[in-house]
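Here are my notes, point by point, to go with the model. Have it open while you read.

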Amino acid sequence: MADTKHVVLIHGSWGRGELWASARAAFEERGYTAHAPTLRHHELPLHEGAMKIASLSLRDYTDDLVGFVNSLDSPPLLVGHSMGGLLAQLVAARTRQAGLVAACPGAAAGILGATSTSVRMSVRHLLRPRPWTKPCRPPTFEQFRRCFAHAQTEDIAREIHDGLVCESGRFIWEQFAAVPRLSKATVVDFAAVTAPVLVIGAECDRIVPSGVVRQTAARYQHSTCVEIPRSDHMVFSGEALPVTMGHIDEWIARNHVLALA
């Protein structure tokens, strides 16, 4: 069996792999080999990548990530944040993994829950003609600060915001259609995931409500649900990071995740 303990970090909407820098360093300090792949075309400058990203589906992202995970020499720990939290679940259902961490995850099909903030942000895009064919631009800094990173320092919030790119309009549509199960792209085969699962919420999250976190955890055979106190949506940033990593450390130890890698 391989000696390497792999961790795959999956970013959220408008993001890139580079946004995991602090969390990646934290995992590497713990002896893990951390991978932070950038989703398809998200490595491109905002304007250059906009139309290439526009019509990509969650299925496209999932297929790419499944290929990456299957290329590793041992089953990794999958860690996803926001949209990445949903992607991590979709990937886990199709691969072998040592464990799954879904932080502030986007809702899978059939899971009811939204905040007034997330609805307002989605509606602006969904009211456009054929929104599934158009890129969804990142929020302005003021919107990002107010909705996603209100518990972060301004410097940290600006550093995160400076790395954002356009997101897929098709994903926004697929997420909107998740609750009534109108989009198969958001359907997770929960029963296929038998490894330990940790679902992380944030006390002050204005994007993903606690109900989505609890409902997600309840779908799995072997799950733990925790909440990061006083944290906004960005649980892997700023003062929230060591608290989040502490919960992951405890969960890994208690469930012997990666112990045999």
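1. Which residues of helix 5 and helix 8 meet? From helix 5 they are Ser122, His125 and Leu126, and from helix 8 they are Gly169, Ile172, Trp173 and Phe176. Contact here means heavy atoms within 4.5 Å. Helices are DSSP runs of H or I with at least four residues, strands are runs of E with at least two, and both are numbered from the N terminus. Sorted by class, this contact has 4 nonpolar, 3 polar and no charged residues. Nonpolar covers Ala, Val, Leu, Ile, Met, Phe, Trp, Tyr, Cys and Pro, charged covers Asp, Glu, Lys and Arg, and polar covers the others, Gly among them.

2. Some bookkeeping before going on. This is a predicted model, where local features need pLDDT of at least 70 and side-chain atom pairs count only at pLDDT 80 or more, while totals for chains, interfaces and linings use all residues. Residues are numbered from 1 along each chain as its sequence is written, and side-chain values use heavy atoms, with hydrogens and water left out.

3. Back to that helix pair, now for the geometry. Helix 5 (residues 116–126) and helix 8 (residues 169–176) pack at about 120 degrees, and their axes are 10 Å apart. That makes helix 5 oblique to helix 8. The axes are lines fitted to C-alpha atoms, for helices over the stretch in contact, with angles running from 0 to 180 degrees between N-to-C directions. Angles under 35 degrees count as roughly parallel, over 145 as roughly antiparallel, 65 to 115 as roughly perpendicular, and the rest as oblique. Helix 5 and helix 8 cross in a left-handed way. A crossing is left-handed if the near helix is turned anticlockwise from the far one by less than a right angle, and right-handed if clockwise.

4. Next, helix 3 (residues 58–70) and helix 4 (residues 83–92). Their axes are 9 Å apart and the packing angle is about 60 degrees, so this pair is oblique too. Helix 3 passes helix 4 in a right-handed crossing. On the helix 3 side, the contact uses Leu58, Tyr61, Thr62, Leu65, Val66 and Val69, and on the helix 4 side Met83, Leu86, Leu87, Leu90 and Val91. By class, that gives 10 nonpolar, 1 polar and no charged residues.

5. Now look at helix 1 (residues 21–29) against helix 10 (residues 240–255). The two axes come within 11 Å and cross at roughly 40 degrees, so these helices are oblique to each other. The crossing of helix 1 with helix 10 is right-handed. Ser22, Ala23, Ala26 and Phe27 of helix 1 touch Leu241, Met245 and Ile248 of helix 10. The class count for this contact is 6 nonpolar, 1 polar and no charged.

6. How many disulfides does a search of the whole structure find? It finds 0, a disulfide being a pair of cysteine sulfur atoms within 2.5 Å. For Cys136, the closest cysteine sulfur is in Cys166 at 7.8 Å, too far for a bond. Cys147 has its closest cysteine sulfur in Cys136, 12 Å away, so that is too far as well. Cys136 is buried at 8% relative accessible area, and Cys147 is buried at 6%. Buried means under 20% relative accessible area, exposed over 50%, and partly exposed in between (1.4 Å probe, protein chains only).

7. Two backbone angles to check. Trp14, in the loop between strand 1 (6–10) and helix 1, has phi near 65 degrees, a positive value in a residue other than glycine. Arg230 also isn't a glycine, yet has a positive phi of about 60 degrees, and sits in the loop between strand 6 (223–228) and helix 10. Is each one buried or exposed? Trp14 is buried at 10% relative accessibility, whereas Arg230 is exposed at 66%.

8. Finally, two strand residues. His81 lies in strand 3 (residues 77–81) and is buried, with a relative accessible area of 10%. Setting aside residues up to four places away in sequence, His81 touches several others, including Trp20, Cys104 and His233. Val226 belongs to strand 6 and is buried at 17%. Beyond its neighbours within four places in sequence, Val226 contacts Leu198, Val199, Ile200, Gly201 and His247.
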